[in-house]
Amino acid sequence: MNTVLNVHLGPVAAGTLELSSSGERIFRFSGAYLDLPTRPVLGQWFEDKDLDSPFIGREALPDFFANLLPQGQLRKYLSGRLGLRERQDFYLLGALGRDLPGAVRVDFASLNEISRRAERERRRQKLRPPVDDWHYFSLAGFQIKFSMSDVEGRLTLPSRTATGRYIVKLPDVVRPNVNHHDLPESEWSMLEWARRSGLDVPAARLEPLTNVQLAYDELPALNGTRALVVTRFDRDGERRIHQEDFAQVFGVDPDDKYAERSAVRRKRAHHFESVAALLHAVDPGCSREFVRRLVFMILSGNEDAHLKNWALLYDDEGVRARLSPAYDLLCTIAYQGNSSPRLALRIAGEHDARQVTRQSFAAIAANLGERFDTVVAWIDEDVERMRACYASDRAHWPLPSVAREALDTHLDSLPLASGRAR
């Protein structure tokens, strides 16, 4: 007998996701959804496809749904708490389906299915049962983070039927021979630098871990004392605002978010020129902001601006999309130990940030529908503002010394940061 998940987009029943007896994950849009006179968009990738046909994942969830699930430490933590194995993606999606990124909700057609599956797995692994009223959620990425609410000045997990308003990022876990302390402080500093440089970023603050109510005995040991609290731009109180990241937009497996894991994939890999072309199609007014973010990405030493760290945010009707606020901004060169800064996606065929010049933006300008000399003027303006802000404000940020030293060296090595073009 096949197991079925109902897929909702806000209040609309969008379709069903089915796990067949052969292991295929099959998504079908509902006829009622397709017949809507004004139909909210589930994902851009579906829009030029035959929506009457099924979308099949042979050994894993279709990419749009796979990208709703966490990876790394967070996936391991949530799977263990649920009594599921990390690769049981279908059941994990069903278990986390009340609080997913954007306006997508998922629930089992048979309410007892997840509890039966989880109970069998818990017995196999001899695990304790989970707390029934715990709030389960999904946030993309590897880092341990929680979807939480602010109740009387303390950050807590919402009730089972509610949704979190904040993303609370904890310090990195303690690992042998790895010193990633003060990551929340480092990311807050990058967010503040971005805000002061004119980027659209969500509100954020630092909170002591003593003000974040979690069962820390169930978590790995943490390397720090404060958490980063970021206001979710896909929530307005209990209202869910639809969003999708660019791995969903392009129909890319979450493990391929960096786009180039093999020579075959490299030939069809996405790059910042293809991101620019997509944005011009769906949000032609975002050109200025997109260029500003690319400049900030390069100057701030962010090697992790992969497809899942760019997103579209939809309007109230779920029809028109725009570039979402920037998120997951971190000076990764301070922590990854790379001698040559390697961008997550290529610009003008280059991965090395030290090889990116103003000329490298020629194809991006064309794909955005902008004059090249206009984009160069934007770059000059951004570099001047960002460098001035960093020079005047960095002493006031809780930026760890390892990040400050890495940035000082990095900025001196970049052609893009060398001043105005002649």
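User: Which strands form a hairpin with six residues between them?

Analyst: In this predicted model, strand 14 and strand 15 make that hairpin. Look at G318 in the turn, where phi is positive at about 75°. The two strands, with strand 15 covering residues 321–323, run antiparallel and are joined by three bridges.

User: In which sense does strand 13 pair with strand 14?

Analyst: Strand 13 (residues 243–245) pairs with strand 14 in the antiparallel sense, over three bridges.

User: How should I read the two faces of strand 14, and are their residues buried or exposed?

Analyst: The general idea comes first: in a regular strand, side chains alternate between the two faces of the sheet. Now the case at hand, strand 14 (residues 311–314): A311 and L313 lie on one side, L312 and Y314 on the other, and all four are buried. Both faces of this strand are therefore covered, with buried meaning under 20% relative accessible area.

User: Thanks, let's turn to helices. Why is helix 4 described as largely enclosed?

Analyst: Count its buried residues. Helix 4 (residues 89–96) is largely enclosed by the rest of the structure because eight of its eight residues are buried. Going along the helix, these are D89, F90, Y91, L92, L93, G94, A95 and L96.

User: And what span does helix 13 reach?

Analyst: To read a span, set the distance between the end C-alphas beside the expected value. Helix 13 (residues 372–393) has 22 residues and reaches 31 Å from its first C-alpha to its last, close to the 32 Å expected at 1.5 Å a residue. Its buried residues include W378, I379, M386 and Y390, and also D380, D382 and D393. The buried residues of helix 13 pack against helix 6, helix 10 (287–299), helix 12 (362–368) and helix 14 (401–413).

User: What volume does the largest pocket have, and which residues are closest to its centre?

Analyst: The volume of the largest pocket is about 1100 Å³. Its lining has 41 residues, and F142, Q143, K145, D304 and D328 are the closest to the centre. Among the elements giving two or more residues to the lining are strand 8 (166–169), strand 10 (226–231) and strand 13. Helix 6 provides the largest share, three residues.

Methods:
Residues numbered from 1 in each chain as written. Predicted model: local features only at pLDDT ≥ 70, side-chain atom pairs only at ≥ 80, totals over all residues. Heavy atoms only, no water. Buried < 20%, exposed > 50% of the residue type's maximum accessible area, 1.4 Å probe, protein only. Pairing = 2+ DSSP bridges. 1 Å grid on protein atoms, 1.4 Å probe; cavity = no way out; pocket = protein on both sides within 12 Å on 5 of 7 lines; lining within 4 Å. Points joined across faces, edges and corners; volume = space filled by probe spheres on them. Expected span 1.5 Å × (residues − 1). Contact = heavy atoms within 4.5 Å.
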